[in-house]
Amino acid sequence: MIRFGLCLIVALAHVISAAPAQVSAQDTAKKPAANKKPAAKKVNPAFQPPEIIPKLPNVLLIGDSISIGYMVPARKAMAGKANVFRPATNCGPTTRGLEQIDQWLGDRMWDVVHWNFGLHDLKYMGPSGQNLADPQAADSHPQVPIDQYKSNIEKLARRIKQQAKVVIWRETTPVPEGAAGRVVGDSAKYNAAAAEAIAKVGGIQTDSFFDFAQSVKEHQRPANVHYTPEGSKLLGEHVAEVIQTALAD
């Protein structure tokens, strides 16, 4: 019995001495390595600032995700001809534009500002702010009604003119069949309202972007206002051509 008891005590001692090492190993496995750095957050290339060449004109592009899509192709097309900037955000509707325009313009006198608002203004919202609501629902409404949109465009145009040698208003792209939360034909209506506001302010060029977008509509995604990479490339090259023509003039 004594011998059995001694063996039991020795066995228990081995179990107890091993337990902390086992827990420690488990804890170590759960903890990340001390020298492991968190993965760096990727920055959209469209939001990267340009490498500034002092002798070149400075160009600012303002717009929503359509302009984000064509930003890099436009910059490439103007490489060596202009420093091309944009706000590091989706500029959204005119209401956000009015809130942020001073920040986006900064303290630089721009050679060209090429700008657009529209697709976010005309999209439908639900009664509690639901995004891309059913336009047919009785309690849904455009995010910015067209009369307010027209007034906002006028205010933005006057503000941008204060800080740009050349201002180019860019028309809003078409809404295709089946696109959620928007109505086919509303882009043309909002473009007409913007045209009246731009004419009232005066001294602003217009990029007939709606017609150009129609000419490459095979590159617009099905039932979606956005474009394929090839479509965005074509849009960006068009923007670059419009801006370079304005700079030459």
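Biologist: How are H5 and H6 oriented to each other, roughly parallel or oblique?

Modeller: This is a predicted model, and in it the axes of helix H5 (residues 146-161) and helix H6 (residues 186-201) come within 8 Å and cross at roughly 40 degrees. Angles under 35 degrees would count as roughly parallel, and H5 and H6 are therefore described as oblique.

Biologist: In which hand does H5 pass H6, and how many residues of their contact are charged?

Modeller: The crossing of H5 with H6 is right-handed. On the H5 side the contact includes Lys150, Glu154, Arg158 and Lys161, while H6 contributes, among others, Lys189, Glu196 and Lys200. The residues of this contact divide into 10 nonpolar and no polar, with the charged ones numbering 7.

Biologist: H5 also packs with helix H3; what is the orientation of H3 and H5 to each other?

Modeller: Helix H3 (residues 94-105) has an axis that comes within 9 Å of that of H5, and the two cross at roughly 10 degrees. An angle under 35 degrees falls in the first class of orientation, so H3 and H5 are roughly parallel.

Biologist: How many residues in the contact of H3 with H5 are nonpolar?

Modeller: From H3, residues including Leu98, Ile101 and Leu105 meet H5 residues, among them Tyr149, Ile153, Leu156 and Ile160. The contact also holds 5 polar and 3 charged residues, and the nonpolar ones number 7.

Biologist: Turning to another pair, at what angle do helix H2 and helix H8 pack?

Modeller: Helix H2 (residues 65-77) and helix H8 (residues 229-248) have axes 7 Å apart, and their crossing is right-handed. The arrangement is classed as oblique because of its angle, which is about 60 degrees.

Biologist: Which residue is the charged one in the contact of H2 with H8?

Modeller: H2 brings Ile66, Gly69, Tyr70, Pro73, Ala74 and Ala77 to the contact, and H8 brings Ser232, Lys233, Leu235, Gly236, Val239, Ala240 and Gln244. These residues divide into 8 nonpolar, 4 polar and 1 charged.

Biologist: Stepping back to the whole protein chain, what share of its contacts between residues at least 6 apart in sequence joins residues at least 24 apart?

Modeller: The protein chain has 8 helices and 7 strands, and buried residues make up 43% of its 249 residues. Among the contacts you describe, the share joining residues at least 24 apart is 74%.

Methods: Residues are numbered from 1 along each chain as its sequence is written. This is a predicted model: local features need pLDDT of at least 70, side-chain atom pairs count only at pLDDT 80 or more; totals for chains, interfaces and linings use all residues. Side-chain values use heavy atoms; hydrogens and water are left out. Helices (H or I, at least four residues) and strands (E, at least two) are DSSP runs, numbered from the N terminus. Buried means under 20% relative accessible area, exposed over 50%, partly exposed in between (1.4 Å probe, protein chains only). Contact means heavy atoms within 4.5 Å. Axes are lines fitted to C-alpha atoms, for helices over the stretch in contact, and angles run from 0 to 180 degrees between N-to-C directions. Angles under 35 degrees count as roughly parallel, over 145 as roughly antiparallel, 65 to 115 as roughly perpendicular and the rest as oblique. A crossing is left-handed if the near helix is turned anticlockwise from the far one by less than a right angle, and right-handed if clockwise. Ala, Val, Leu, Ile, Met, Phe, Trp, Tyr, Cys and Pro count as nonpolar, Asp, Glu, Lys and Arg as charged, and the others, Gly among them, as polar.
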